[in-house]
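These are my notes from looking through one structure. I went topic by topic and wrote down what I found.

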Amino acid sequence: MVYKFGMTTVNTISQRQRGRPREFDLDQAVEHAMQTFWTRGYQGTSLPDLLDATQLSRGSLYAAFGDKHGLFLQALDRYIEQALARLDDELASGDSALAGLKACMEGYVARTDGAAGKRGCLVVATAMELAADDPEVSVRIAHFFDGMKARLVKTLKRAQKEADVAKHVDPVASAHVLVCFLEGLRVVQKTGFTSGSNSAAVHALVDGLTSRR
């Protein structure tokens with residue numbers, strides 16, 4: 001299966017409803033749906049929930065997205081696109097590759113705190129809820145984690161060239177560990193872990209990457 005990632009470039013859709021043209025912002029509808037799915041989960045989100053969130057009629061929603069699943073796929077695409085863009089920004093935010101990596105990890109810790117932490121990660125929640133039985137979802141989840149890992153591998157290799165990460169560190173294996181750790185934070189935080197303990201774990205990981213033995 002080939003998955004072409006990216007949001008649709010169509011911003012508005014006009015349809016006839018009760019004899020008059022109706023126009024709405026497609027991006028805004030997908031954004032509102034994404035927020036609803038993120039809060040409630042796929043199974044926990046009803047069609048009335050989506051109609052209320054998007055302010056669309058049933059006919060408009062079906063005409064634009066096909067069905068609930070079609071809308072969810074676009075919402076998931078949007079979430080993934082935003083998450084990878086944020087990762088790019090964080091990794092590029094420091095004056096060195098290691099500084100960018102630290103900013104990324106600290107960003108994940110911050111997003112596990114408070115109301116955001118209770119909400120968790122839409123990708124992780126969707127992976128647990130749907131990925132095993134839904135190929136269209138599964139390929140999107142794989143795209144996200146592959147993209148995240150590739151960015152971390154690139155950053156670790158840069159940090160090694162800058163002599164900030166130890167030469168014995170395997171960038172590919174370490175990037176895999178970081179993906180598991182960072183996304184795992186979004187899960188364990190729901191069980192009562194403190195941001196202090198998460199920060200300490202981040203520091204321990206960084207120490208392991210930079211230690212010269």
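I call a residue buried when its relative accessible area is under 20%, exposed when over 50%, and partly exposed in between. The model I looked at is predicted.

**Entry 1: helix α9**

I began with helix α9, residues 171–188. Its 18 residues, at 1.5 Å a residue, should span 26 Å, and the end C-alpha atoms are 25 Å apart, so the two values agree. Next I listed the buried residues of α9: Pro-171, Ser-174, Ala-175, Leu-178, Val-179, Phe-181, Leu-182, Glu-183, Leu-185 and Arg-186. I noted the general rule that an α-helix has 3.6 residues a turn, so residues three or four places apart point the same way. What covers the buried residues of α9? I found that the cover includes α4, α5 (97–111), α6 (114–119), α7 (122–129), α8 (135–161) and α10 (195–210). I also checked the start of α9, where a side-chain oxygen of Asp-170 comes within 3.0 Å of the backbone nitrogen of Val-172.

**Entry 2: aromatic rings**

How many aromatic pairs does a search of the whole structure find? I counted 5. One of them is Tyr-42 with Phe-72, an edge-to-face pair with 4.9 Å centre to centre and 65° between the planes. Tyr-42 is in the loop between α1 (26–40) and α2 (47–54), while Phe-72 is in helix α4 (residues 68–91), so this pair ties together parts that are 30 residues apart in sequence. Are Tyr-42 and Phe-72 buried or exposed? Both are buried. I then looked at Phe-144 and Phe-145, which also form an edge-to-face pair, at 5.3 Å centre to centre and 65° between the planes. Phe-144 is buried, with a relative accessible area of 2%, whereas Phe-145 is partly exposed at 23%. Ring pairs also link Phe-37, Tyr-42 and Phe-72 into a cluster.

**Entry 3: charges over rings**

I went back to Tyr-42 and found the charged end of Lys-68 over its ring, 4.3 Å from the centre. Arg-119 lies over the face of Trp-38, with 4.0 Å to the ring centre.

**Entry 4: an annotated stretch**

The UniProt record, an unreviewed entry, annotates residues 46–65 as "DNA-binding region". I found this stretch to be 80% helix and 0% strand, with its end C-alpha atoms 15 Å apart.

Asp-49 is in helix α2. I have Asp-49 down as buried, because its relative accessible area is 19% and the cut-off is under 20%. Its side chain reaches the backbone nitrogen of Ser-46 at 2.9 Å. Setting aside neighbours within four places in sequence, I found Asp-49 in contact with Thr-36, Arg-40 and Gly-44.

Asp-77 is in helix α4 and counts as buried at 7% relative accessibility. Which side chain does the side chain of Asp-77 make a polar contact with? It is that of Arg-140, at 2.7 Å.

**Entry 5: positive phi**

Most residues other than glycine have a negative phi. I noted two residues with a positive value. Gln-55, not a glycine, has a phi of about 60°. Gln-55 lies in the loop between α2 and α3 (58–65) and counts as exposed at 55% relative accessibility. Ala-163, also not a glycine, has a positive phi of about 65°. I found Ala-163 in the loop between α8 and α9, partly exposed with a relative accessible area of 48%.

Notes
Residues numbered from 1 in each chain as written. Predicted model: local features only at pLDDT ≥ 70, side-chain atom pairs only at ≥ 80, totals over all residues. Heavy atoms only, no water. Phe/Tyr/Trp six-rings, centres within 6.5 Å; stacked < 30°, edge-to-face > 60°. Helix = DSSP H or I, 4+ residues; strand = E, 2+ residues; numbered from the N terminus. Buried < 20%, exposed > 50% of the residue type's maximum accessible area, 1.4 Å probe, protein only. Lys NZ or Arg CZ within 6 Å of the ring centre and 35° of its normal. Expected span 1.5 Å × (residues − 1). Contact = heavy atoms within 4.5 Å. Polar contact = N/O pair within 3.5 Å; in protein donor to acceptor, adjacent residues only side chain to side chain. UniProt positions renumbered as here; feature names shortened; annotations may be inferred.
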